[in-house]
Amino acid sequence: MPQLIFVNLPVKDLETTKGFFGKLGYQCNPQFSDENTACLVISETIFAMLLTENRFKEFTGKEVADASKTSEVIIALSAESREKVDEMADTALASGGSPVKDPMDFGHMYSRSFQDPDGHIWEVMWMDPAAVASNDC
């Protein structure tokens, strides 16, 4: 079985956040969702657990950062083409997201960023497969 990743994010309004990501084409797995939690399926191996702030606090015991004022994490997702980067970023911005910075274009790599309604930063990026294959790092 491949290793899975579950990114846990606190949200102010679960329904608003679910609606935002629904407009980006993502669905929630109802098996792992309830009135305080939504399991956002990003891919077969990547999930975002969207937790109301009170539910999130139960896991940490710490105060929850206000992502609209404090940077906590940047979640980067790959896209299959430059066009898909633009499509996702444009859809996010039209669906209630806000821009973070100007697009970055290095020729072999292209990315755009946006904030979701809770202020979490998402970056969508494309890399030229030929450039990736030639990297020895």
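Which residues do ring pairs link into a cluster? Ring pairs join Phe-20, Phe-21, Phe-114 and Trp-122. The model is predicted: local features need pLDDT of at least 70, side-chain atom pairs count only at pLDDT 80 or more, and totals for chains, interfaces and linings use all residues. Residues are numbered from 1 along each chain as its sequence is written, and side-chain values use heavy atoms, with hydrogens and water left out.

**View 1. Phe-6 and Phe-47 form a stacked pair.** The structure holds four aromatic pairs (rings of Phe, Tyr and Trp, the latter by its six-membered ring, with centres within 6.5 Å; planes under 30 degrees apart are stacked, over 60 edge-to-face, the rest tilted). In this one the ring centres are 4.9 Å apart and the planes meet at 15°. Phe-6 belongs to strand E1 (residues 5-11) and Phe-47 to strand E4 (residues 46-52), 41 residues apart; strands are DSSP runs of at least two residues (E) and helices of at least four (H or I), numbered from the N terminus. Phe-47 is buried at 12% relative accessible area, whereas Phe-6 is partly exposed at 42% (buried, under 20%; exposed, over 50%; partly exposed, in between; 1.4 Å probe, protein chains only).

**View 2. Phe-20 and Phe-21 meet edge-to-face.** Their ring centres lie 5.0 Å apart, with the planes at 85°. Phe-20 is buried at 2% relative accessibility, and Phe-21 is buried at 1%.

**View 3. Arg-82 sits over the face of Tyr-110.** The distance to the ring centre is 4.3 Å (cut-offs: NZ of Lys or CZ of Arg within 6 Å of the ring centre and within 35 degrees of the ring normal).
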